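I opened a new structure today and kept notes as I went. Here is what I was looking at.

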Amino acid sequence: MTRLDPFYLIVDSADWIDRLVPIGVNLVQLRVKDTPEYELRCEIRRARETCRRNGCRLVVNDYWRLAIEEGCDFVHLGQEDLVEADVPAIRRAGLSLGVSTHDESELEAALAAKPDYVALGPVWPTILKQMKWAPQTPARIATWKRAVGDLPLVAIGGVTVERLPEVFANGADIAAVVTDITRNADPEARTREWIAATRGYVGTATRGTPASIVGAATPLCLPASPPQGGRSAASAGAPPAPTNERG
Ligand SMILES: Cc1ncc(COP(=O)(O)OP(=O)(O)O)c(N)n1
Ligand SMILES: Cc1ncsc1CCOP(=O)(O)O
């Protein structure tokens with residue numbers, strides 16, 4: 001069991017990971033949308049190598065098959081992804097699992113999958129994406145923490161450095177962030193602020209397998225270009241990938 005860092009950065013490219021992880025990020029999610037598989041595989045591979053070099057845990061959002069194939073050790077699934085995913089296969093491959101929740105029935109479904117963390121969101125309004133759910137409010141973090149007990153609880157949605165004391169005071173173990181960093185005028189400086197503001201909360205969340213023991217190094221991809229014959233070099237010789245790689 002390793003500790004999950006209380007600062008959980010979520011970004012949409014390996015470029016962001018190259019830029020921010022070396023500053024001292026210990027837990028990062030690659031959340032890429034609407035990208036062809038060959039590019040995704042390259043993004044995951046680059047992200048994984050940067051994280052490996054910097055001792056950072058990499059969580060791959062949605063694409064659990066690619067995460068397994070690329071030797072990653074942590075995936076995040078939303079509720080729809082969870083229904084479609086082969087959770088036993090994820091576990092057999094040794095990956096840890098985080099799951100999104102927005103209401104009680106989703107929490108029940110998430111807990112049934114025996115995840116390594118549960119995420120609650122959006123705690124505050126978010127500008128990242130349209131949400132079907134009203135903001136949960138910080139008080140709801142406390143309700144969720146009572147329900148999940150020792151399981152690490154991630155608070156997500158509208159979280160800023162200034163809101164961190166409220167996030168942790170209500171029982172979250174981990175605060176996840178996108179736009180407070182990526183849309184800041186100085187993302188590097190904001191990342192440093194996040195790191196400083198979360199150090200006092202290190203040591204509460206402990207699920208997951210050490211990154212260092214999972215997956216072997218594989219070559220990085222060349223800059224994204226469509227593979228010959230529609231398959232990436234990494235897939236050549238491997239069994240045909242399912243048409244829908246999304247977890
Ligand atoms: C830590 C964390 N929490 C929640 C989410 C949202 O996941 P999901 O519900 O699958 O929505 P998308 O990210 O796919 O838009 C997350 N990615 N990470
Ligand atoms: C992906 C996601 N799921 C719940 S809230 C959210 C967005 C988080 O982004 P931000 O930190 O910018 O509000």
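My entries below go from the whole chain down to single residues and the two ligands.

**Ground rules.** This is a predicted model, so I kept to its limits: local features need pLDDT of at least 70, side-chain atom pairs count only at pLDDT 80 or more, and totals for chains, interfaces and linings use all residues. Residues are numbered from 1 along each chain as its sequence is written, while chains are lettered from A and ligands numbered from 1 in the order in which they are written.

**Whole chain.** I counted 10 helices and eight strands in the protein chain. Helices (H or I, at least four residues) and strands (E, at least two) are DSSP runs, numbered from the N terminus. Of the 247 residues, 43% count as buried. Buried means that 20 or more other C-beta atoms lie within 10 Å of the residue's own, exposed means 12 or fewer, and partly exposed is in between, with C-beta atoms placed from the backbone. I also checked contacts (C-beta atoms, placed from the backbone, within 7 Å). Among those between residues at least 6 apart in sequence, 58% join residues at least 24 apart.

**Record.** I looked up UniProt, where an unreviewed entry puts "domain: Thiamine phosphate synthase/TenI" at residues 13–181. Such annotations may be inferred rather than shown by experiment. Over that stretch the chain is 43% helix and 18% strand, and its end C-alpha atoms are 14 Å apart.

**The barrel.** How do the strands run? I found a closed barrel of eight strands, in the order β1-β2-β3-β4-β5-β6-β7-β8, with parallel pairing. On average, neighbouring strands of this sheet are turned by 25° against each other, direction ignored. Strands pair if DSSP finds at least two bridges between them. For β7 (residues 153–155) and β8 (residues 174–177), which run parallel, I noted two bridges. A155 has A175 in β8 as its bridge partner. Helix α2 (residues 37–54) packs on the sheet, touching β2 (27–30) and β3 (57–61), and its direction makes about 160° with that of β3. That angle is taken between N-to-C directions on a scale from 0 to 180 degrees, with axes as lines fitted to C-alpha atoms, for helices over the stretch in contact.

**Strand β3.** β2 and β3 pair in the parallel sense over four bridges, and L30 stands opposite V60 in β3. Why do I call β3 largely enclosed by the rest of the structure? Because five of its five residues are buried. R57, V59 and N61 cover one side, and L58 and V60 the other. In a regular strand the side chains alternate between the two faces of the sheet.

**Two residues.** Leaving out residues up to four places away in sequence, A14 touches E43, R46, A47 and T50. P88 sits in helix α5 (residues 87–92), and I class P88 as exposed because it has 8 other C-beta atoms within 10 Å.

**Ligands.** Near, for a residue, means that its C-beta atom, placed from the backbone, lies within 6 Å of the molecule. Around ligand 1 I found 16 residues, with G78, S100, A119, I156 and A176 coming nearest. They divide into five nonpolar, seven polar and four charged. Ligand 2 is surrounded by 13 residues, the closest being G121, T126, G157, V178 and T179. Its shell has six nonpolar, five polar and two charged residues. Ala, Val, Leu, Ile, Met, Phe, Trp, Tyr, Cys and Pro count as nonpolar, Asp, Glu, Lys and Arg as charged, and the others, Gly among them, as polar.

Conventions
Contact = placed C-beta atoms within 7 Å.
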